[in-house]
Amino acid sequence: MASEVLASMRSTTRSGGGGSAVNAKSDRLEGERQMTDVTRVECRCGSVAIEISAPPIAQFFCHCDDCQAVHGAAYAPESVYPAWAVEVVRGEPTSWALKQNPRFTCRDCGTRLFIDGLRLGLRGVNGYLLPAGGFQAQYHMQCQFAVRPVLDDLPHFKSRAPQFGGSSETVDW
């Protein structure tokens, strides 16, 4: 019953009104999943906690020059979820944008938490924060910016992956 009330509220909030029967059913299912399958992650010092209430849409290694600059690494593991499914439940992370998308960091320890993909309604959580076995990369993307080749069995997309509007062109290392 509580999940149906939550879903009804979410449907009204998202659609700005009553919504359609299809949206209401979808929202109800999302609400039920939220109530049972929540992953809680924290920054390194524990000041910020995040709850993730949906399965990932995608998990990948990003080689873009922004991720390299922000993370100080050749690439960064990213686990992407619908924005509504990633919620800060403790603490107040600081927000800043390197170019366009806001990135969230713990004010106290500096842990990179997530990035908001505003145009797509997505949040990309730092894959290092997930529990052991919680990050299973499906591919590499933005490999045109790769510092060095990564030799593994995953696809290596030259730019964005097709599911995010990129081409299916890969790099051949």
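Colleague: Which residue forms a salt bridge with Arg90, and how is such a contact defined?

Modeller: A salt bridge is a side-chain nitrogen of Lys or Arg within 4 Å of a carboxyl oxygen of Asp or Glu. Here Arg90 pairs with Glu42, with 2.7 Å between the closest N and O atoms. Arg90 lies in strand S5 (residues 86-90) and Glu42 in strand S1 (residues 39-42), 48 residues apart, so the pair links distant parts of the chain; strands (E, at least two residues) and helices (H or I, at least four) are DSSP runs, numbered from the N terminus. This is a predicted model, where local features need pLDDT of at least 70, side-chain atom pairs count only at pLDDT 80 or more, and totals for chains, interfaces and linings use all residues. Residues are numbered from 1 along each chain as its sequence is written, and side-chain values use heavy atoms, with hydrogens and water left out.

Colleague: Which residues are linked with Lys99 in a network of salt bridges?

Modeller: Asp65 and Asp66 are linked with Lys99. The closest N and O atoms of Asp65 and Lys99 are 4.0 Å apart. Asp65 is partly exposed at 35%, whereas Lys99 is exposed at 60%. The whole structure holds 6 salt bridges.

Notes. Buried < 20%, exposed > 50% of the residue type's maximum accessible area, 1.4 Å probe, protein only.
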